[in-house]
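The sequence and the model are shown first, and the description follows.

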Amino acid sequence: MLMSGPDQQQRAEPGLTVSGLHCSRDGRDLFKDLSFRLRAGELLVVEGRNGSGKTSLLRILCGIRMQESGSINWDDSPIGELGPLYHQEMAYIGHHDGIKGDLTVAENIQLAKALGKPSGTDLQTILKRLQLSGYNEVLARALSAGQKRRLALSRLLATVSRLWILDEPFTSLDRRGVEICEQLISSHLTHGGMVVMTSHHAMELPGVEITRLRLS
Amino acid sequence: MNDRSLARAFSLLLRRDLVINFRQRSECVNPVLFFVIVVTLFALGTGADRALLLSMAPGVIWVSALLASMLSLESIFRSDFEDGSLEQLLLSAHPVTVLVLAKVTAHWLVTGLPLILVAPLLCILLGLSGEGLETLILTLLIGTPILSLVGAIGVALTVGLRRGGVIISLLVLPLYIPVLIFGTSAVQMSAAGFPVNGQLSMLAALLALALALAPLPTAAALRMSLS
């Protein structure tokens, strides 16, 4: 269990600490001895060729995939031990949008809220920020690919998460959608959030220092 | 996260699955149709011997219910796996076992409960009535949730495979044997006028065991399938 005594709090280093991470697929090493730290307000962009293990790294950071060796600590505790305590502070947008086509836009957002730590932001505000106003009662499967992606991004607003793990968040978004997503990221960072993401898109985030991690 | 938000997540997930099933009705209609057709085929195939049909009735109905429930198992996690919702469930702020329980409950309400509702009609077809019929409904009521709970483990193990169908039946059918044995024997005994408390208690114990334990391996298997 988590101790929250005064000593513990002083020692705890908030954020994500990764050390000596090793991951292989089908006997081939994707990366070895990977270490980095992520603190409040920091953005880490993972770069690399297709198949270099970007998605695998992100899935390991989420705790969906197991690493061969190495440790991932969240506020100084291994994420495997924290389990749901880690997941309630983290939001993940993967390759799949993770939305149900047979539910309406509003129902999808409501469910996302219930599964995470719900934020105080109400439905209309979320829809407005993602430019999905008026789509509340539309079934998600009737949306275009870009609109589905925006709906997936609504999870970031519907829940309070300190760490965002975004795998190619700009996929199928139009220029306006990319701008919206960039705004979400920079406002999250200025509020002390952390972001790990992959992207093939050159981002324009004024005033944000981008740390790059190159996988080869 | 507190208990209230957990209860809310449970009920919302349960409602979500019911709404989705209602919007694509085939999922809940297919198992019932399968159940009705198989039992009818048995009735047609055994000819006009009423005594034979009556003595076979418990077994026929129970085996058909097993197969119908098995056919529908894949739908518990398949679509969630394909559209990425399963990842989100595993990464939710709540224990995965509780969410698994919500999904299995929804699955039983959609595929198990309808079987129980049509079973009395099929009993009439097979000539089973009175005490035997009541006991059959009771055993189905206790037994079919066990099928969904145990089946969920099999589905969770095979959801990552492209063709999990046959493997699920190989994994799950042997585990269904105790339910089948106690279910049919209760019906036969009660039709013959004997007390069946023993069999019903065994079934209830199996249900309690499955309720408490099955979500754990299911959650672990889902993690394995996704990693």
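Helices (H or I, at least four residues) and strands (E, at least two) are DSSP runs, numbered from the N terminus. On that basis, chain A holds eight helices and nine strands. This is a predicted model, in which local features need pLDDT of at least 70, side-chain atom pairs count only at pLDDT 80 or more, and totals for chains, interfaces and linings use all residues. Residues are numbered from 1 along each chain as its sequence is written, and chains are lettered from A in the order in which they are written.

| Property of chain A | Value |
|---|---|
| Radius of gyration, over C-alpha atoms | 18 Å |
| Box of the C-alpha atoms, along the principal axes | roughly 45 × 45 × 35 Å |
| Buried residues (20 or more other C-beta atoms within 10 Å of the residue's own, C-beta atoms being placed from the backbone) | 39% of 216 residues |

The radius of gyration of chain A agrees with a compact globule, because 216 residues in that form would give a value near 17 Å; the globule rule is 2.2 Å times the number of residues to the power 0.38.

The two chains meet in a contact that takes 24 residues from chain A and 23 residues from chain B. Two residues are in contact if their C-beta atoms, placed from the backbone, lie within 7 Å. On the side of chain B that touches chain A, helix 1 of chain B provides the largest share, seven residues.

The predictor gives the complex an ipTM of 0.85 and a pTM of 0.89.

Definitions and conventions:
A residue is buried if 20 or more other C-beta atoms lie within 10 Å of its own, exposed if 12 or fewer, and partly exposed in between; C-beta atoms are placed from the backbone.
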